[in-house]
Amino acid sequence: MFSKIIRRSHMYLALFLMPWVLMYALSTMAMNHREFFRKVYGGKPAQFEKEREQTYTGLLAANATPSQAAVQILRDLNQDGTFSVQGRPDGERLTIFRQDPVIPRRITYTPKDGRLVIERQIFQAPAFLERMHRRRGFQHDYLLEDTWASTVDLVIIAMVFWGLSGLWMWWELRATRGWGLVCLLTGATLFGVFLFVI
Amino acid sequence: MTFNLLVRRTHIYLALFLLPWFLMYGVSSLVFSHSSYFNERYKKDNLPQWTVRFDRPYHIDIPADDDLRPAGAKILEEAGLKGAFGVYRPNAEKLNVYWFNFWDATQLTYFVKENRLLAEDRRFRWDHILTGMHARGGFVQGSFLDDAWGVLVDIVCLAMLVWIATGIYMWWQLRQTRLWGSLALAGGCALFVAFLGML
């Protein structure tokens with residue numbers, strides 16, 4: 001019974017988390033060959049193109065922090081979500097980077113004339129994969145972001161579980177013990193050597 | 001050997017060979033995901049993150065083009081360091097060369113206007129070893145061993161694709177698990193797509 005629970009957990013967890021594993025595999029490859037993909041895309045990071053420009057009619061509080069101003073502007077634009085911000089709402093400009101996984105946007109607000117310029121980053125598959133790979137942690141004030149971070153933690157737990165449950169299942173298959181041990185020891189030795197030579 | 005057996009053996013032997021990498025990526029991801037926890041934990045020791053190794057007058061001409069690696073390599077050599085490094089220019093006044101292996105790291109900062117080179121050794125931390133291993137990859141270092149590690153990173157990625165394909169094949173052969181398996185697979189895919197649309 002215990003063996004069956006291990007086998008089923010290993011399999012169902014893998015089926016559920018398949019999209020995350022696929023994303024991490026492809027994104028790691030994209031990052032491992034970053035120079036190659038940079039050349040493919042002309043040697044420049046993904047550029048922004050103007051989506052629209054408009055007058056901002058909302059009123060920002062006089063003592064609003066950059067983050068508070070960014071939240072208000074994003075809500076008014078129906079773009080609420082994880083962001084980073086540069087500049088000050090009472091300065092020359094406030095630049096908000098809305099970290100949408102598929103279409104990141106740069107929103108520039110110039111308080112002097114009340115203009116908003118909304119730009120979208122041109123889609124590049126390696127950049128998209130890298131954004132997804134790096135998306136993690138509980139540092140943002142968004143429940144949805146924390147939920148994503150929880151799925152990342154689940155993948156982490158699952159990876160350790162797949163490793164340990166895999167060892168268990170392998171040991172149960174007597175016919176594979178010999179070659180399995182060779183693979184395990186070779187891999188562990190190679191990894192151990194790399195720890196000290198590079 | 002039947003195709004069925006080949007699939008099963010590939011799944012298991014590949015996993016056993018790459019187990020150290022797979023566990024390393026899993027455990028080190030935890031450090032990335034909860035970096036503030038680990039930073040706070042180490043802060044309690046009240047030890048400096050960086051210790052000055054030397055701070056001396058120095059001059060190097062920095063090329064105007066984007067390729068900073070030759071200048072970085074020269075600074076490294078003249079500082080008596082050998083091995084993998086990264087180089088970047090955070091602003092016009094500074095050039096940073098970051099030397100590292102899995103255990104140690106040293107940052108060399110060249111101050112352009114002051115003609116000064118500062119070398120600082122990073123404090124030893126276990127979480128840094130894990131994140132260093134996790135982030136290591138690519139083919140820009142130009143040494144055989146670094147390239148070999150890069151190839152192994154590719155092999156781990158390809159293995160993950162093979163585990164997905166062989167895993168789905170093996171699942172489909174277990175008729176009694178098809179219903180719950182389909183629900184798990186569809187549920188995971190739907191959740192992932194929903195995240196893409198809502199994050």
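Start at the place where the two chains meet in this predicted model. Select chain A and chain B together: 61 residues of chain A are in contact with 60 residues of chain B.

Polar contacts do turn up, though, with eight residue pairs across the interface, both partners at pLDDT 80 or more.

Next, colour the side of chain A that touches chain B. The elements giving two or more residues to it are α1 (2–16), α2 (18–32), α5 (125–134), α6 (143–172) and α7 (177–197) of chain A. Pick out α6(A), which gives the most, with 14 residues. Sort this side of chain A by class and you get 41 nonpolar, 12 polar and eight charged residues.

Time to look at the nonpolar cores. The largest has 48 residues, and the ones with the most contacts inside it are W20(A), W148(A), W21(B) and W149(B). For the largest share of this core, select helix α5 (residues 144–173) of chain B, which supplies 10 residues.

Zoom in on W21(B). Setting aside neighbours within four places in sequence, W21(B) is in contact with G187(A), L190(A) and F191(A) on chain A, and with W149(B), L152(B) and V156(B) on chain B.

Last stop: a second, separate core of 19 residues. Select Y58(B), L68(B), L76(B) and L117(B), which are among its members.

Technical notes
Residues are numbered from 1 along each chain as its sequence is written. Chains are lettered from A and ligands numbered from 1 in the order in which they are written. This is a predicted model: local features need pLDDT of at least 70, side-chain atom pairs count only at pLDDT 80 or more; totals for chains, interfaces and linings use all residues. Side-chain values use heavy atoms; hydrogens and water are left out. Contact means heavy atoms within 4.5 Å. A polar contact is a pair of N or O atoms within 3.5 Å; within protein, one must be able to donate a hydrogen and the other to accept it, and residues adjacent in sequence count only if both atoms are side-chain atoms. Helices (H or I, at least four residues) and strands (E, at least two) are DSSP runs, numbered from the N terminus. Ala, Val, Leu, Ile, Met, Phe, Trp, Tyr, Cys and Pro count as nonpolar, Asp, Glu, Lys and Arg as charged, and the others, Gly among them, as polar. A nonpolar core is a set of buried Ala, Val, Leu, Ile, Met, Phe, Trp, Tyr and Cys residues joined through side-chain atoms within 4.5 Å. Buried means under 20% relative accessible area, exposed over 50%, partly exposed in between (1.4 Å probe, protein chains only).
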